[in-house]
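Jotting things down as I go.

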Amino acid sequence: DKKVLLIEADFYSGTLPLLLNFKPQASLMEALETSEMLDDRSWPTMVTNSHGVDILAAWGPRTAGQDSPLNFDRLLGFAKKRYDIVIVDLPEVVDRVTEAVSYHSKNMFVVSTPEPICMEVARRRLRQLEARGTKASARRVILNRVLQHPATVEVEEYEKVMSGKIAAVLPNDYAVIQESIAGTSSVSLD
């Protein structure tokens, strides 16, 4: 029952249009370049609705590299007034744009698998977010592709290793994910 916007801010590997099988009306770059002029008339031409979620894809008719943090700030200010939830999928690199997004965020999630090398990289990302001014209460980890059942995972142990709060533990269910991507079924909340 919420109005949701998903901004795909990874200019280098944005894949949402491929995964969700849609052709974007516009790209994030176009929205950023016109951020000072966005209004209720122009906005519907920027987003594509898929599965009940408005999506502003990184790749579209016009795609380029990183943009100014000021434009992200304006875009997020505009979006926050119109949506109950705004999700920004950032690249794995913590940069100036991440800082602009961080300013608007209640939560910043670093997604990691439980392998030691991946967890070390996630711990570095948490430190980088801290250095960029992200509040401690906002910095959390989503542990993805966990082999054992999430209920049996020793969350406290992972939190010690990560030096960060674990927000969620997601199981590794490759077959269900592939079915969902193929469009045959949705991923169950279970």
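This is a predicted model: local features need pLDDT of at least 70, side-chain atom pairs count only at pLDDT 80 or more; totals for chains, interfaces and linings use all residues.

**Sheet.** I looked up the strand order and got an open sheet of three strands, β5-β6-β7, with parallel pairing. At the edges sit β5 (108-112) and β7 (165-171), each pairing on one side only. Neighbouring strands are turned by 25 degrees against each other on average, direction ignored. I also checked β6 (residues 139-146) against β7: they pair in the parallel sense over five bridges. L143 has V169 in β7 as its bridge partner.

**Helices.** Next I looked at what packs on this sheet. Helix α5 (residues 116-131) touches β5 and β6, and its direction makes about 165 degrees with that of β5. Helix α6 (residues 155-162) lies across β5, β6 and β7, at about 120 degrees to β7.

**Salt bridges.** How many salt bridges are there? I get seven. One of them joins R82 and D40, with the closest N and O atoms 2.7 Å apart. R82 is in the loop between α3 (69-80) and β4 (85-89) and D40 is in the loop between α2 (28-33) and β2 (48-50), so this pair ties together parts 42 residues apart in sequence. Buried or exposed? D40 counts as exposed at 55% relative accessibility, while R82 is partly exposed at 26%.

E120 is partly exposed at 23%, and R123 is partly exposed at 25%. Shared partners join E120, R123 and R124 into one network.

Note on methods. Residues are numbered from 1 along each chain as its sequence is written. Side-chain values use heavy atoms; hydrogens and water are left out. Two strands pair if DSSP finds at least two bridges between them. Helices (H or I, at least four residues) and strands (E, at least two) are DSSP runs, numbered from the N terminus. Axes are lines fitted to C-alpha atoms, for helices over the stretch in contact, and angles run from 0 to 180 degrees between N-to-C directions. Contact means heavy atoms within 4.5 Å. A salt bridge is a side-chain nitrogen of Lys or Arg within 4 Å of a carboxyl oxygen of Asp or Glu. Buried means under 20% relative accessible area, exposed over 50%, partly exposed in between (1.4 Å probe, protein chains only).
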